[in-house]
Amino acid sequence: MLEERIEPQTPEAPETKTWDAAVVGAGYVGVPLAHTFATSGRSVLLIDVSPEVVEGINRGESHIVDVPSEELAPLVESGRIRGTTDYNEIRRADAVLIALPTPLSKQREPDLSIVIGAAEQISVRLRNGHLVVLESTTYPRTTRDVIQPILESTGLKAGRDFHLAFSPERVDPGNGKWTTKNVPKVVGGITPECTERAAQLYEGAVDTVHRVSTPEAAELTKLLENIFRSVNIALVNELAQLCERMEIDVWEVIEAAATKPFGFMSFQPGPGLGGHCIPIDPFYLTWKAREYDFATEFIELAGKVNENMPYYCRSLVSQALNHGRQRSLSGAKVLILGVAYKADIGDTRESPAIKLIELLRAAGAEVSYHDPFVPELREAALASVPLEPGDYDCAVVVTAHSSIDYDAVVEQSPVVVDLRNATGEKGTVSEKVWKL
Ligand SMILES: NC(=O)c1ccc[n+]([C@@H]2O[C@H](COP(=O)([O-])OP(=O)(O)OC[C@H]3O[C@@H](n4cnc5c(N)ncnc54)[C@H](O)[C@@H]3O)[C@@H](O)[C@H]2O)c1
């Protein structure tokens with residue numbers, strides 16, 4: 001638990017500044033952010049509610065794939081990064097960056113409780129000259145309508161006594177080419193000075209800073225990016241289902257369309273959306289739009305198509321077993337290959353594999369999985385099994401980690417359902433391989 005001890009508050013800056021920035025939330029966003037600042041010579045405090053996370057960081061051990069321990073450890077040793085569960089040190093930081101989860105509630109409404117709790121913790125330590133930047137993905141006006149009033153409840157005023165801005169995080173975990181450093185940073189402040197102050201913080205640490213006029217523009221920029229993905233994935237998911245009926249290989253079509261050098265961007269169909277962002281963020285906008293009597297139909301439709309994909313994929317597995325193995329799903333031994341939400345990482349949040357396992361089990365299948373990145377899948381109470389496809393009626397490629405030899409999987413399995421175009425077979429159906 002976070003310590004509740006609070007130092008006597010004054011709006012004045014402390015005599016000694018210790019940290020260039022405090023990053024609240026040492027997760028997929030916060031750790032790469034701290035690493036980017038620290039490698040550019042800044043000192044960063046990482047604040048997290050979890051003592052295990054903090055202890056790991058202070059031992060120089062990274063739990064985030066994008067920041068290897070070999071890179072974290074020297075930064076911790078030299079004092080450029082330190083972890084803590086104690087918010088009090090915020091007063092000795094110039095800037096406070098909030099990189100906390102913004103999930104949906106059970107009713108699929110924005111749940112800002114974690115961010116609000118952190119803003120309250122920050123507010124009682126807020127001082128003159130502080131810069132506060134919200135990085136968590138959220139709906140437009142959150143910075144102005146939710147965070148600003150909490151921080152101003154202290155009597156300090158945004159734009160006059162402290163600076164406040166929104167800057168969306170665009171990290172793509174596991175992406176070695178595009179990192180926190182070289183992906184441009186969009187920044188929008190409550191006042192032009194707030195924008196400038198936030199932009200100056202990032203400049204020098206990240207390669208490019210793009211200023212927008214308001215936090216709302218910055219908030220909506222992030223949502224547009226994720227909605228764009230969700231809608232386009234839904235489009236190819238729908239096309240994949242039509243292609244199955246028409247006996248056309250959707251992957252071949254997408255590959256061919258992608259040869260057009262302009263006006264087309266390639267998206268891949270799959271078993272459903274996964275991860276912390278794409279299945280969740282669009283609904284932040286849907287919720288907010290309702291307040292303006294506006295229905296975000298593209299988002300809703302994309303959500304409907306994408307959420308149906310695990311059901312559609314279950315029916316593919318069922319057909320493949322019927323035709324290729326002359327047996328029903330009930331009682332069949334099914335091996336799921338890959339349960340992380342995307343290739344070559346171990347993150348299972350919102351992974352469509354979880355839903356597919358649940359559906360296959362509900363139909364009576366006996367499901368196991370193999371994933372070199374996920375030794376245990378708590379959501380399904382399963383542990384990864386050795387890769388022995390010959391022991392199963394059917395192998396289903398749900399997430400195509402690059403370390404797996406898919407030719408060998410095809411060779412050893414009685415039937416393969418390939419939801420990721422990993423096996424290299426052409427056409428929607430071959431003797432053995434059923435493709436999405
Ligand atoms: N993961 C991504 O790929 C990604 C990409 C872009 C944007 N985002 C957005 O960034 C935000 C953060 O996401 P994330 O993936 O880094 O989350 P995360 O779950 O990886 O990390 C959050 C960290 O915050 C800690 N935490 C929880 N409550 C806390 C509290 N009250 N005080 C201090 N620490 C607390 C948790 O222990 C965890 O270590 C979200 O809004 C997300 O939508 C995520």
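**Exercise 1. In what order do the strands of the open sheet of 8 strands lie, and what is the pairing?**

Before we start, a word on the model: it is predicted, local features need pLDDT of at least 70, side-chain atom pairs count only at pLDDT 80 or more, and totals for chains, interfaces and linings use all residues. Residues are numbered from 1 along each chain as its sequence is written, and side-chain values use heavy atoms, leaving out hydrogens and water.

Step 1. Read the order as 3-2-1-4-5-6-7-8, with mixed pairing. Strands are DSSP runs of E with at least two residues, helices are runs of H or I with at least four, and both are numbered from the N terminus. Two strands pair if DSSP finds at least two bridges between them.

Step 2. Find the edges: strand 3 (81-84) and strand 8 (209-212) each pair on one side only.

Step 3. Look at one pair. Strand 1 (residues 19-24) and strand 2 (residues 44-47) run parallel and are joined by 4 bridges; Val23 stands opposite Leu46 in strand 2.

Step 4. Contact means heavy atoms within 4.5 Å. Angles run from 0 to 180 degrees between N-to-C directions, with axes fitted to C-alpha atoms, for helices over the stretch in contact.

**Exercise 2. Describe the sheet of 5 strands and a helix that lies across it.**

Step 1. This open sheet has the order 10-9-13-14-15, and its pairing is parallel.

Step 2. Its edge strands are strand 10 (366-370) and strand 15 (433-435), each pairing on one side only.

Step 3. Strand 9 (residues 333-337) pairs with strand 10 over 5 bridges in the parallel sense, and Ile336 has Tyr369 in strand 10 as its bridge partner.

Step 4. Helix 11 (residues 352-362) lies across strand 9, strand 10 and strand 13, running at about 175° to strand 9.

**Exercise 3. Which residues make the nonpolar surface patch?**

Step 1. Leu239, Leu242, Met246, Ile248 and Val253 make a patch of about 390 Å². Patch residues have over 30% relative accessible area (Shrake-Rupley, 1.4 Å probe) and no salt bridge (a Lys or Arg side-chain nitrogen within 4 Å of an Asp or Glu carboxyl oxygen); nonpolar side chains are joined within 5 Å.

Step 2. Helix 7 (residues 215-246) gives the most, with 3 residues; Met246 is found in this helix.

**Exercise 4. What is the mean pLDDT of the chain?**

Step 1. The mean is 94, and 96% of the residues reach 70 or more; pLDDT is the predictor's confidence in each residue, from 0 to 100.

Step 2. Over residues 1-8 the pLDDT is below 50. Where pLDDT is low, the predicted coordinates should not be read in detail.

Note on methods. Patch = residues over 30% accessible without salt bridge, like charges linked within 9 Å, V, L, I, M, F, W, Y side chains within 5 Å.
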